[in-house]
Every structure is written in C-alpha cells, then in structure tokens.
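User: I would like to go through the terms used for this structure and see what each one rests on.
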Amino acid sequence: MSEKLKVGILGGTGMVGQRFISLLEDHPWFEVTLIAASQRSAGKTYQEAVGERWKMATPMPEGAKGLVVMNVNEVEKVASQVDFVFSAVDMTKEEIKKIEEEYAKTETPVVSNNSAHRWTPDVPMMVPEINPEHMQVIGSQRKRLGTQRGFVAVKPNCSIQSYAPVLTAWKEFEPYEVVATTYQAISGAGKTFKDWPEMTENIIPYIGGEEEKSEKEPLRIWGEVRDGVIVPAVSPVITCQCIRVPVLNGHTAAVFVKFRKKASKEQLIEKLVSFKGLPQELALPSAPKQFIRYMEEDNRPQVALDVDFEKGMGISVGRLREDSVYDWKFVGLSHNTVRGAAGGAVLCAELLKAQGYITKK
C-alpha cells in the first residue's frame, strides 16, 4: 500500500485503547494519527493523559506519546481528520450506541470493541474466520443511517473466543448442547493487579452480564443474513458460568459438548488444526497462520506458556477426551485483550479494508 489509512482511537487512554495503540505500531496498512478520550484528557499529550496508567508490558509507542488527545464528543472535529476509527469508549450502552452512530453518520467507519451494537440487527458482529459473510448487512445499515461509506461493525465478547471457534470447526458433527465454564483474566475488566489487589490469590464467581453474552453471542455469529439483517441461529444450546481468576491475560474455558453425529478424537483434532478462514486465505497482516492448534500434553494449554500463541491471535486447545455424561470435553485458551478485544477488532478492520468497505476518505 502506498499510503496508510489514518486511524483514530476513541477511548484511547483505557486498557483496550492502549492495546490498540500498541498493536497498531508499525502496522503495514493503518497509522494511528489521532487519539480521542474524555474531556478530562482532552488537550493533554497522550503521554500526559495516561501518565502512570500505561498497562501494557511493552513501552508506549513513541509515535503516540506526543499526540494531543482530542475530546471524543467533538464528533465532527475528530471524524474530519481520520479515515476510520476504532472504538473503545467507556460510557453507558446507550451513550455508546449514540456516539458510534454519530461517527458513522460523518461517513467514518467505526470498528468497535464495545458491546452496545452487538445486537443491532444490521450491524455485523464478526470473528473474521467464522462469519465474514455478515459484512453483507452493511449495505442495509448504510441505508438506515443515510450514509455512503459510514457504518458500525463490532467484534464479539472476549470470553467466547476460546470455544466458539472450536465449535465452528466441528459444525459438521452438529453440536447441539454445550456446557462451558470460563476462567477469565482481570484485564478483561480493564484492570491489573496493581489496580485490583483484592484479586491476588482470589476467585470471584461472578462477572456482570458475562454469562448471558457467553451463551447468546455465539448464536448470532452462527446466524444467517436474511433481508439485510442477521438472524441468530437457535442451536447449539449453550449454558455458561463465568468466573474471574487471578490471571492478568488469558481466558480459559472448560467445555462439554453433545453431538448429533459421531466423531472420533482423531477427526475432531483434524478439524481443529485444519480450520482456517478468509483472513488466512488473504494473508491479512494480523491473521494467525495457525488459527487453532491442538496440544497433546495433559497439562496444556497453560496461560503462562500458551497465551501469546500466534502473537495472541491464535487459540490453543487441549485435554480433548470422551465424557461420561456428554460426548466430548476439552479446554480452550485465548488471549482476551488481543484476539478477544483490540487484536480481533484490528483483524476485522483489515478484512473490511480488503473487501472494500473501509477506504481512504
């Protein structure tokens, strides 16, 4: 590409915003040229606004330090300076819905990490390897918004990334009943152990709203496009418990599955390791070469050893075995702020760009 697309990060001072800025450093297609946040950060340099709250393991990118933070609510002013935006704003659901559509109406595509638009029928919610065809609804969304190039696209909840792709790989065996327990890292709440000392050596068996998202969002991803909207699937039925555990990065899932069609362990593993999608075929910059890997060791996957597989964009699966009540059970692991948040959104944007939905203004 001769010239990179200019990208704005809405909510750039929070943990997911910081992850966006880290991941986009030296990106071949995109360049962060603008950071917007709340009024209290506006007017400061990004380094001043974040101060001691930089939560990434790697240093703040030099190119971001001196950017003067803009007020995210000055929509026209922000939108006029970029080709598209990533959204990681910290607002109420209704405020997020409103501001993301306001940006879209300035003819600025919005790729969002937030949950506000995940159930808007004409907004695609994508795991790019699973449901790229959902991009089709952008046409009807643009009609509703009255835009030519502006739209909103979202990525799903971080907790489902460790099992929804696995179940997708096994689709031909018709999984119809799933029990999942997710063990979720504290960065999913935007926290570090410094911010949340009570999580040290502790488990909290409740994460507000997470179980409903974990049960329902996969069905929307597996849904079909009908008359310009996405109609969710009705199967498999998923029941979930979500538990916060003392881990910084990495969501682990313990999952039990019933299938309508019999499958051997060898068949199930082969489907996992061979599973790929459009991002792999197009060799998108952030796409993992191996989307899902299977680990034979009894004590894998482990967060400490495996969370950064494929730079945090791959999924690790292990302990696949027959079950005495369900048919099969397994353990999955995904990086919640890379594949599950900012990295997943960057991959969505790459696919949208490759398909002509995001262009230079």
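**Strands and helices**

Analyst: In this predicted model, Val-7 stands opposite Val-32 in strand 2.

User: What makes strand 1 and strand 2 a pair?

Analyst: Pairing requires at least two bridges between the strands. Strand 1 (residues 5-10) and strand 2 (residues 30-37) are joined by six bridges and run parallel, so they count as paired.

User: In what order do the strands of the open sheet lie, and which are the edge strands?

Analyst: The order of the six strands is 3-2-1-4-5-6, with parallel pairing. Strand 3 (70-71) and strand 6 (152-154) are called edge strands because each pairs on one side only.

User: Which strands does helix 5 touch?

Analyst: Helix 5 (residues 93-105) packs on the sheet and touches strand 1, strand 4 (84-87), strand 5 (110-112) and strand 6. The direction of helix 5 makes about 150° with that of strand 5.

User: Which residues of helix 1 and helix 12 meet, and what are their classes?

Analyst: From helix 1, Val-16, Arg-19, Phe-20 and Leu-23 meet residues of helix 12 including Val-338, Ala-341 and Gly-343. By class, this contact has eight nonpolar, one polar and one charged residues. Arg counts as charged and Gly as polar.

Key. Residues are numbered from 1 along each chain as its sequence is written. This is a predicted model: local features need pLDDT of at least 70, side-chain atom pairs count only at pLDDT 80 or more; totals for chains, interfaces and linings use all residues. Side-chain values use heavy atoms; hydrogens and water are left out. Helices (H or I, at least four residues) and strands (E, at least two) are DSSP runs, numbered from the N terminus. Contact means heavy atoms within 4.5 Å. Axes are lines fitted to C-alpha atoms, for helices over the stretch in contact, and angles run from 0 to 180 degrees between N-to-C directions.
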